[in-house]
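Hi everyone, thanks for coming.

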Amino acid sequence: MMPTIIRNKIRRHGVSGGTRRRPWGSLVLLGLITAACLLAGLLAPYPSDLMDSTAISQPPGGSHLLGTDHMGRDLFSLLLYGGRASLYIGLLSGSLSTVIAVVYGTISGLAGERVSDLMMRFAEMIMSVPSILLVLFLQAIWGTATPTSIAVVIAVTSWMNISKVVRSEVRQIRNSDYILAARTMEAPFWYLLLRHLVPNFISSIMFMVVTNIGQAMLTESTLSFLGLGLPLTTVSWGSLMSLSQNVLLSGCWWMILIPGLVLVTTLVCITNLGECIRRENNRIYSNL
């Protein structure tokens with residue numbers, strides 16, 4: 001069967017070569033950041049909601065390693081707890097958008113020409129609208145912003161590019177013997193998708209999936225920076241970035257610089273991983 005042949009070729013061509021170009025540093029750093037956020041309950045010196053009126057806007061040092069914000073909250077603790085929300089939004093949004101894109105793109109790829117073209121025109125119509133406007137519109141319909149609601153809204157507005165790649169891949173293999181045999185035997189859609197189609201296009205979309213995770217985190221940060229994201233009671237890296245207005249007036253540089261560095265570092269690591277997957281995918285399929 002074709003998926004087995006492709007997997008064997010990927011194993012044969014993917015094991016050797018290219019090892020020196022793999023972003024081990026980004027992978028390790030991202031793993032450390034994720035582990036620190038997951039273990040926030042053990043590593044954070046203070047609760048995220050603890051406000052100390054005697055330590056408002058303190059610079060890094062002393063009992064507050066990275067300083068405090070304008071409400072007297074420990075910045076190091078806020079970074080650890082806030083990372084949970086930001087990573088949760090990125091992973092949930094990336095997973096949901098991938099599921100939507102795979103199902104939508106597969107249906108479009110297996111459908112007839114008219115239905116397929118109509119589905120792609122609909123996807124392109126959504127892409128033509130600025131995503132930030134769609135996110136704001138859907139979030140307004142949803143109501144109070146929560147990490148889950150923001151992740152779902154971002155996912156609903158970020159699946160189109162992946163679906164186009166999936167459609168293209170499915171249309172290339174839909175007339176293969178093993179696909180036609182499965183459809184002739186009236187194989188269920190999910191069996192056909194998971195058993196025969198996904199193994200063929202998963203490597204082609206993995207870098208886009210990883211990129212979508214970082215993009216979701218960036219979108220959440222943008223919304224919070226504009227004051228349209230999570231409420232102040234819910235800490236995230238984006239909500240910490242929204243304190244920049246107070247920073248500009250008070251000169252407390254650590255409130256914006258340190259969260260910004262953590263967010264940018266995480267996004268760069270995710271981008272490096274996505275770029276590595278893209279390079280490996282191009283190299284493998286150039287040898288098939």
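Let's start with a question: is Leu43 buried, partly exposed or exposed? With a relative accessible area of 44%, Leu43 is partly exposed. For these words, buried means under 20% relative accessible area, exposed means over 50%, and partly exposed is in between, using a 1.4 Å probe and protein chains only.

Before going on, a word on where this comes from. This is a predicted model, where local features need pLDDT of at least 70, side-chain atom pairs count only at pLDDT 80 or more, and totals for chains, interfaces and linings use all residues. Residues are numbered from 1 along each chain as its sequence is written, and side-chain values use heavy atoms, with hydrogens and water left out.

Okay, back to Leu43. You'll find Leu43 in helix H3, residues 40–43. Together with Leu38, Leu39 and Leu42, Leu43 makes a nonpolar surface patch of about 440 Å². Patches here are made of residues with over 30% relative accessible area and no salt bridge, where like charges are joined within 9 Å and nonpolar side chains (Val, Leu, Ile, Met, Phe, Trp, Tyr) within 5 Å. The areas come from the Shrake-Rupley method with a 1.4 Å probe, and for residues only the protein chains shown count as cover.

Now zoom out. The chain has 13 helices and zero strands. Helices are DSSP runs of H or I with at least four residues, strands are runs of E with at least two, and both are numbered from the N terminus. Of the 288 residues in the chain, 43% count as buried. The accessible surface comes to about 14,700 Å², and 67% of that belongs to carbon and sulfur atoms. Then there are contacts, meaning heavy atoms within 4.5 Å. Among contacts in the chain with a separation of 6 or more, 71% are between residues 24 or more positions apart.

Which residues of H5 are buried? They are Ser116, Met119, Met120, Ala123 and Ile126. Seen down the axis of H5, these buried residues fall within an arc of 115°, so they line one face of the helix. That arc is taken from the directions from the helix axis to the C-beta atoms.

On the face turned away from the buried side, H5 carries the exposed residues Arg114 and Leu118.

A salt bridge here is a side-chain nitrogen of Lys or Arg within 4 Å of a carboxyl oxygen of Asp or Glu. The structure holds six salt bridges. One of them joins Arg171 and Glu113, with the closest N and O atoms 2.5 Å apart. Arg171 lies in helix H8 and Glu113 in helix H5, so this pair ties together parts that are 58 residues apart in sequence. Glu113 is partly exposed, at 42% relative accessibility.

Glu113 also meets Arg174 in a salt bridge, at 3.8 Å from N to O. Arg174 lies in the loop between H8 and helix H9 (177–184), and Glu113 is in H5, so that pair ties together parts 61 residues apart in sequence. Arg174 counts as buried, at 15% relative accessibility.

Salt bridges that share partners join Glu113, Arg171 and Arg174 into one network.

One last stop, helix H7, residues 147–156. Helix H7 is mostly covered, with seven of its ten residues buried. Those buried residues, including Pro147, Ile150 and Val153, pack against H4, H6 and H10.
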